[in-house]
Amino acid sequence: MAQANELKKQYKKRTLAQETWRRLVKNPGAMLGLGFLGLLIMAAALSPFIFDYEVDVIGQNMSERLMAPGAAHWFGTDEYGRDLFARVIYGARYSLIIGVGSVLLGLVVGTILGSQAGFHGGVIDSIIMRGIDIFYSIPNIMTAVVIVSLLGPSTVNLMIALAFSCASSFARIVRASVMTIRDQEYVESSYAMGLPTWKIIVKHILPNCLSPIIVQITLLIGTTIISASSLSFLGIGVPAPAPEWGALLSAGRGHIRDASYMCIIPGLAIMFTVLALNLLGDGLRDALDPKMKK
Amino acid sequence: MKKRLALLLSVAMLAASLAGCGGGSSSSGGSSDGGATGSGHKESLIIGTDADINNLDLQKQQDATNNIILKNTHQTLVFFNNGSQGDERFGPCLATSWEFKDDTHIEMKLRDDVHFNDEEKTPMTAEDVKFTLDMAMDNMAASILTGYVQCNVIDDYSIEIEIESYNNEFIQSLSSVPLSIQSKKAYESGVEDPYYIGTGPYKFDEWVEGEYCRLVKVEDYWGNDIPEGENLAPGVAEVIEFRPYIEASSRVMALQAGEIDVCVNPPINELQYLEEDENITVYEQTGTRLFYFGFNVEKEPWNNETLRQAVACAIDRDAVLEAAVYGKGTLQTTILNRGLWGFYDDMEGFDYDVERAKSLMAEAGYANGGITTSLSYASGSPYEQIATIIQSNLKEIGIEVTLEPMETATLKSACVDGSHELFLWRWNEDSKVDFVYRDLYYTGSGSNYHHYSDPKADELIDTVATEKDPELRLAAAQELQEYLVNACPQVPLYIANLVVAYNKNLQGQYFYGGGNHDWRHAYIAE
Amino acid sequence: MIRYILKRLIMLIPVILVTSFLIFWAMSLTGGDPALMLAGDNAKPEQIEEIREELGLNDPFIVRYGNYMKGMLTGDMGQSYVTKRDVFKTFMERLPNTLMLGGAAVFIAVVVSIPLGIYTAIHQNTWKDTAGMIFALFGNSMPNFWLGLMLIIIFSLKLGLFPTGGKGGLDSLVLPAVTVGFGLAALITRTTRSSMLDVLRQDYMTTARAKGCSEKQVITVHGLKNALIPIITAIGLQMSLVITGSVLAETVFSWPGIGRLVYDSISKRDTPMVTGSIIMCSILMCIINLVVDLIYAFFDPRIKAQYSKKG
C-alpha cells in the first residue's frame, strides 16, 4: 500500500514538474533568466580553474592600479592593480553561496517555526506568529546590522543574519499549508503511526506547498544577494580581500569620480543576476499557478 | 483620479507622522550665499565638515568637529599657536601671564576687559575660571586636566592653581577647547543650555542636528577694539555655518558647486578635480596624524621582540603610503607625532628589507614562518588599504594574516580587553608630548593598546614630563624614542598630510596640522 | 470602528516590549563599549570607569533594561549617550525628513507603476507587456544605494542638475526619492497589472463599454477604482521597504533622517538612541499599516461594514 502510494506520488510529481517546465519554456523572460543564471553558475564553478586565486584575484600589482577597462583588463583594475574581471567572476561564487545559503537556512528555520505554529495552533501559534509579525515590522537591514555586529563580520555570520529575514516568509507559507491539511486523515494517521514530526513535514507538508516555496526561494535569493551587498556597503559584510560583489561596490564607492567603472561594473553584475532570478521567479509563479492552467 | 490617489497617499503619510510629531524641525532657511555687505567680504562662510556635530556641551564631549565649532564661541586661558606666530607655542589668551610660585602652585593673571556674550554682558572674573576648572574635574574633560588639585581666587583677575606635582605640560592643557571658560552665572541662573554662553567673537544662532550649526558674529564682542590680525580680534564674516557632509565625494562636489566654501579632508583621489577648478585652492601641509601598526605584546608570539622587529622590516611602507593616501604623507622612523616638542627621527629603525626580515625571523626562532594571526582595524579607508598591503607583505616572510575589519567601537573594546593580536590605529596629537608617550606606552594607560609595559620606558616618560632642565629633558626624550622604536610595540607607518580645499577667495584662516582649524577670522573676500 | 483602532493600538504593547528587549539585549552583547567611544583617546582607565558608572553600564543587563522600561512607562525614552539629548525629541526632529523622503518615494513609485501596470494589463501577452514588466523588475533588481550612486554620477557629476547630497531645497529631494521609489515600482506594477487583469474580465466592464463610455473612462473610472484595493495592500506591504531603502539612501545622500540616525547610533553604541529609534520605527510601521487598513475601508464599503459590525 505504502509502496503504491509512493509510486503514485512520484508519478504525479513528475507530471507536475513536466507541466511546469512546458509552461516555463513558453515564457521568454524566464528562459532568458535561466540561461543567464546557467552561464553564471558555470563561470562561478569554473573560475578556480581559470584564475589563480592568489595571483589573479587577490594578488597585488601596484604598478597597474586603477587602469580603465581596456584590452589588457576587460573590466579595468582596482586600487591595488587587481584585475576586476577576475574579481567579478570569482565574486559570483561568494554572492551565490551567500544568497543560496541564507535562503536555505531561512527555509529550514521557517519550516520548523511555521509547522510548529500550524500543528499546535493556540498559544504556540500566537506566540510564534506574533513574534514573526514583530520581526517583520523591524526593517530587516537593521536586524541584520545588529546581528552582524553581534557575531562579527564573516561569510557565515552574514548568512545567519540574512537567513532571519527569509525565515519569516517561509514560516507563513508553511503555516498556511499546515493549517489546511493538518486535520486530514493521512496526516493524522501518520501521527498515530508515531512518525516523527520532521518526517511528516518532509513527506506531507513540504510537497503540499512546494510551488509557493520554489517561487519564494528564487525571489529571495535575489533579495538576499542585494541585502548582502548592502551590508558590505555599510562596511559589515564579507571581510577583504574576498571579492564579494557588495565589497567590490563599496571599494568602488570611494572612486566614484576618478574610476567610476569600479562602481558601475559590480553593480551591473548584481543587477543582472537578480534580474535573472526575478524573471525566473515570475515565470515560475505563472507556470505553477493553477489558475493559469488551460 | 491619479492625482487624487497621490494626494490621498500623502495624506496617509502625514497622518502617520502626526501620531506623535510634537515640535517638528524647522527646515534650513537656505540663507547660504548671502549678498555682499560692502565691506569687501561675503556675509557668510560655510564650512563642510566630515563628521556630524554631536554635542556642544564643552566638557561633556571629546569630538574634534565639536571643538572646531566651539573655538569660535568660547575662549581658553592659553592660546596654542600653530607655529606661525613665533617659537613660543603657548601664549596668552584670556590669561595674560602665569608663573610657577613653586613646583605645585601657578599664579595666573587674567584679562580684566572680558565679558560673556549674554544679555547683561557679565564680566568674566576669576570666579568663572575657578568654576570652569572645578566643573571640568567632574566631567569628561577631566582627562585633559590631569593633575589639577584646586584653584584659589586671589582677586577678581588673578588666580592660583594648585597641581599634584610639577609637570612641564600642565599650562599647555589649558589651551584645550573643552576647558574654555564658561559663565558661572549662567549655570547658577538655571538657564537652559548654559554652556552656550561663551566669550568668543561668535555665538550660537541655530543648531539642527545632522543638518547645520550656524554661528553669528557678536556685535558687542568685548575685544572689538583689538586690531585685526591679533589672536583675540573680532570676527569678520557675519555668519559662519558648519554643515556635515559625511560622504567625501559629496563634500567635494558641494565645494565645486559653491554650496560650501571650505571642504575639509577632501579624498586624495579626487584632488585632481579640485586642482583643475580655477575657483578652488587646494592647501596641503605636513600633518600630525600618525598612522601605525601595533602588536599586542602580551600575546604569543608577539611578546618576542625580535619577531616584532622582523615584521617591522617586512612592511613596505612606501607601498602603504601610496595605497592609503596616494603618497600624500611622510614616512618616519620614530613613534612621536611630527611637529611635537623633541621630535627625533635620526635613528636607524627598521626600513623595508625582506632579507633582514627573514634573518630576524630566523633569529626569533621562526625560520620557516608558519605563524597565523589576525589583523584588526576599523573598516573603511585608509585602514582597509593599509591592511591589504600589510597582509600581502607579511605573507612574504611566512606570516598568514586574516583581516578583521570591525566597527571602531568593537575595535576599541577588543584593544582594551587585549583580545586582539595585530592592529591598526592612528594617533593625532599636535600639542602635548605626554599625550603620546604616556597614553600609548605607559604601563596600564587607557590607550596603550599594545599592552606594553616596561619599567625603563615608564621612567623615561616620567622624566620627560617632569624634568625642568631643558637639555636633560631633551636627552631623555630622544633616548625614550629610540628605546621605544627598538622595542617595537608599534611600527609607525606614515604621517598623513593635512589637506584642505577651499574657495580661492578665502582669507584669515588659521590651520593646525592636527585638523583643529581656527575659523574665527576667516571670510570670503569679494 | 473606534474599537477596532483601539484594539490595533493595544497590539502595540507586546511589540514594544519584545522589540525593546531584543534590541537592548543585542546592544548589550554587541562588542564595543560606549564609554570608550565617548571618553576620547586621552582618557585614563579610571575616567572611562567613571563614565561607565555614570551611564549605568556597570549594572547587570536586567537592571539596565528595567530602568529603561521604567522610563518608558512615564514616556521617557532616555537620553542619548553621545549628544545627551532626549531620544524622543531627536527622533521626532529627524522623522519629518524620513517621511518626506518616503512620501516622495511612494509618490514616484505610484506615478510610474500604476500607469505601467494598466498599460501592461491592457497589452497582456504582447512584447509591450514583457518589456514593461522587465522595466519594473529592474528597480527591484539592483541595490538601491547603487542606483543612488549611479544617479549621482549621471545627474550631479555629469549633468550638474541636482545636488549630490545634504538636505537643501526641493531639488535635493529628487535623487534620493527616485532611488527609493524605483525599488518599490516592481511590486506595485505587478499588483496593478494582475488586479487590472482580473477586473478587465468582469461583466460590468463590458456593460460600461456597452453603455458607450470611452475606453479611457472605462479603464480609469470602472477599472482602476475596482482594482485599487490590492494595489493599496501592495503599497502598504512595501512600507518596511521604504524605511529599509531610506537607511541606505540616507547614507548615500547624507540625508538627515532616521535611517542615518540609527546607523550612526549603532556605530557609536548609543543604546538608548538605537532602542528608542527602532521602537519608534516599529510603532510607525504599525500605524502605517493601520492607516492602510483604514484606507481599504474607505475604498471598499464591504470592509467598512465589517468594521462597523465589530465596533
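Hi everyone, let me start in the middle of the structure. The largest nonpolar core has 163 residues, and the ones that touch the most other members are B:L45, B:V320, B:I386, B:I390, B:L424 and B:V464. Before I go on, please keep in mind that this is a predicted model.

So where does that core come from? The biggest contribution is from strand 17 of chain B, residues 490-503, with ten residues. Both domains of chain B take part: domain 1 (2-244 + 501-524) and domain 2 (290-496) each supply at least three residues to this core.

Let me zoom in on one member. Which residues does B:I386 contact, once we set aside its neighbours within four places in sequence? They are B:F291, B:V320, B:A324, B:L424 and B:L493.

Now, back to the domains of chain B. The assignment gives domain 1 as 2-244 + 501-524 and domain 2 as 290-496. Their C-alpha centres sit 34 Å apart. Where the two domains meet, eleven residues of domain 1 are in contact with eight residues of domain 2. On the domain 1 side, the residues divide into three nonpolar, seven polar and one charged.

One is a cis peptide bond between B:E300 and B:P301, with omega at about -10°. You will find B:P301 in the loop that links strand 12 (280-295) and helix 8 (305-314) of chain B.

B:K121 has a phi of about 50°, and B:Y326 has a phi of about 55°. Both are in loops, if you want to find them on the screen. B:K121 is between strand 5 (105-110) and helix 3 (126-136) of chain B, while B:Y326 falls between helix 9 (317-325) and strand 13 (329-330) of chain B.

Are these residues buried or exposed? B:K121 counts as exposed because it has 10 C-beta neighbours inside 10 Å, and the cut-off for exposed is 12 or fewer. B:Y326 has 17 such neighbours, so it counts as partly exposed.

Let's move over to chain C. What is its secondary structure made of? The tally is 15 helices and zero strands. Its C-alpha trace spans about 85 × 60 × 30 Å along the principal axes. Of the 311 residues in chain C, 53% are buried. If we take the contacts in chain C with a separation of 6 or more, 72% of them are between residues 24 or more positions apart.

Helix 6 (residues 87-122) and helix 9 (residues 171-200) have axes that come within 5 Å and cross at roughly 35°. That crossing is right-handed. The contact between these two helices has 24 nonpolar, six polar and one charged residues.

Finally, let's look at how chain C meets its partners, beginning with chain A. Here 35 residues of chain C are in contact with 33 residues of chain A. On the chain C side, the elements that each supply at least two residues are helix 2 (12-29), helix 7 (127-141), helix 8 (144-158), helix 12 (239-252), helix 13 (258-267) and helix 14 (271-299). Helix 2 gives the most, with seven residues. And the make-up of that side by class is 27 nonpolar, eight polar and no charged residues.

Terms used: Residues are numbered from 1 along each chain as its sequence is written. Chains are lettered from A and ligands numbered from 1 in the order in which they are written. This is a predicted model: local features need pLDDT of at least 70, side-chain atom pairs count only at pLDDT 80 or more; totals for chains, interfaces and linings use all residues. Two residues are in contact if their C-beta atoms, placed from the backbone, lie within 7 Å. Helices (H or I, at least four residues) and strands (E, at least two) are DSSP runs, numbered from the N terminus. Ala, Val, Leu, Ile, Met, Phe, Trp, Tyr, Cys and Pro count as nonpolar, Asp, Glu, Lys and Arg as charged, and the others, Gly among them, as polar. A nonpolar core is a set of buried Ala, Val, Leu, Ile, Met, Phe, Trp, Tyr and Cys residues joined through C-beta atoms within 7 Å. A residue is buried if 20 or more other C-beta atoms lie within 10 Å of its own, exposed if 12 or fewer, and partly exposed in between; C-beta atoms are placed from the backbone. Domain bounds come from an automatic or database domain assignment. Axes are lines fitted to C-alpha atoms, for helices over the stretch in contact, and angles run from 0 to 180 degrees between N-to-C directions. A crossing is left-handed if the near helix is turned anticlockwise from the far one by less than a right angle, and right-handed if clockwise.
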